[in-house]
Amino acid sequence: MKRVLLLASAAAAISLAACSDNADDTVDATDTAVPTADTAMMDDNAMPMGGDLTTQQQTNYDAMDRQAISDEYDTNRDTMMAQSTSTPGATPSGTASSGTSDMAAGNASSGDMSSGDSMSGSSSSNSMMPRGQMDFAYLDRNNDGKLSVAEYAIWAVPANPNKQTSMEDATKPYISTEQINDAGKTFFFFDKDGNTYLSPDEFTMARNSARAPGASATGATM
């Protein structure tokens with residue numbers, strides 16, 4: 001009888017240990033963080049992929065004030081380029097990279113390189129952040145928790161907004177009517193609640209849909 005009881009106790013202990021191991025495995029699996037597209041690196045050439053607009057989305061698209069969007073885009077871009085010039089190597093949150101800053105400081109103080117040489121060849125001091133690094137917080141210029149068409153267009157327009165190498169070479173308007181229309185089509189497609197702005201979740205859907213030219217659209221949000 002004692003032997004039977006001992007065997008039963010041992011079996012129960014083994015069973016409990018196995019359950020504990022399985023529980024640990026489950027916790028480990030659920031604790032693994034899956035990066036969202038809003039924070040993950042994106043190909044700078046990737047563009048959002050939209051689809052057919054609903055009647056309401058089409059109405060909102062047709063009602064876009066394209067001149068106002070162009071004016072706001074120009075203002076935002078000027079501000080972004082000025083900030084990039086004052087804080088070269090800035091991250092999407094607006095914090096300058098310490099490594100880049102230290103290197104810049106070292107180059108400026110080096111007797112082997114003139115101040116003019118240290119500025120030439122560095123496009124980061126004259127252009128905006130690469131599109132692949134732009135996140136919602138960076139695009140939300142007035143910090144109201146939503147993106148306008150003009151704010152969204154900084155990321156979404158097919159043309160590279162850094163086509164000029166310096167602010168002095170850039171000419172306004174920076175964005176064409178065709179580019180505004182292209183941005184508007186995907187903007188209103190992802191504006192699921194129809195309030196003519198993109199929430200962080202809606203922008204993440206747009207970013208998740210982005211594909212580089214020629215890439216397969218399989219898995220795009222449509």
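**Close-up views of a predicted model**

**Figure 1. Asn 143 is placed in the loop between helix H6 (136-139) and H7.** In this predicted model, Asn 143 has a positive phi of about 55°, although the residue is not a glycine. Most residues other than glycine have a negative phi.

**Figure 2. A cis peptide bond links Lys 172 to Pro 173.** The omega angle of this bond is about -5°. Pro 173 belongs to the loop between H7 and H8. As a general point, most peptide bonds are trans.

**Figure 3. Asp 78 and Lys 172 form a salt bridge through their side chains.** The N to O distance is 2.8 Å. A search of the whole structure finds one salt bridge. Asp 78 is located in helix H3 (residues 66-86), whereas Lys 172 lies in the loop between helix H7 (149-156) and H8; the pair therefore ties together parts that are 94 residues apart in sequence. Lys 172 also takes part in the cis peptide bond with Pro 173.

**Figure 4. Helix H2 (residues 55-62) and helix H8 (residues 177-190) cross at roughly 145°.** Their axes come within 9 Å, and the crossing is right-handed. On the H2 side, the contact is made by Gln 57, Asn 60 and Tyr 61. Helix H8 contributes Asn 181, Gly 184, Lys 185, Phe 188 and Phe 189. Sorted by class, the residues in the contact of H2 with H8 are three nonpolar, four polar and one charged.

**Figure 5. One aromatic cluster is formed by Phe 136, Tyr 152, Trp 155, Phe 187, Phe 188 and Phe 203.** The structure holds six aromatic pairs. Phe 188, a member of the cluster, is also among the H8 residues that make the contact with H2.

**Figure 6. Arg 77 is positioned over the face of Tyr 174.** The distance from Arg 77 to the ring centre of Tyr 174 is 4.3 Å.

**Figure 7. Lys 146 is positioned over the face of Tyr 197.** Here the distance to the ring centre is 4.2 Å.

How values were computed. Residues numbered from 1 in each chain as written. Predicted model: local features only at pLDDT ≥ 70, side-chain atom pairs only at ≥ 80, totals over all residues. Heavy atoms only, no water. Phe/Tyr/Trp six-rings, centres within 6.5 Å; stacked < 30°, edge-to-face > 60°. Lys NZ or Arg CZ within 6 Å of the ring centre and 35° of its normal. Axes fitted to C-alpha atoms, helices over the stretch in contact; angles between N-to-C directions. Helix = DSSP H or I, 4+ residues; strand = E, 2+ residues; numbered from the N terminus. Left-handed = near helix turned anticlockwise from the far one by under 90°. Contact = heavy atoms within 4.5 Å. Nonpolar A, V, L, I, M, F, W, Y, C, P; charged D, E, K, R; others polar. Salt bridge = Lys/Arg side-chain N within 4 Å of Asp/Glu carboxyl O.
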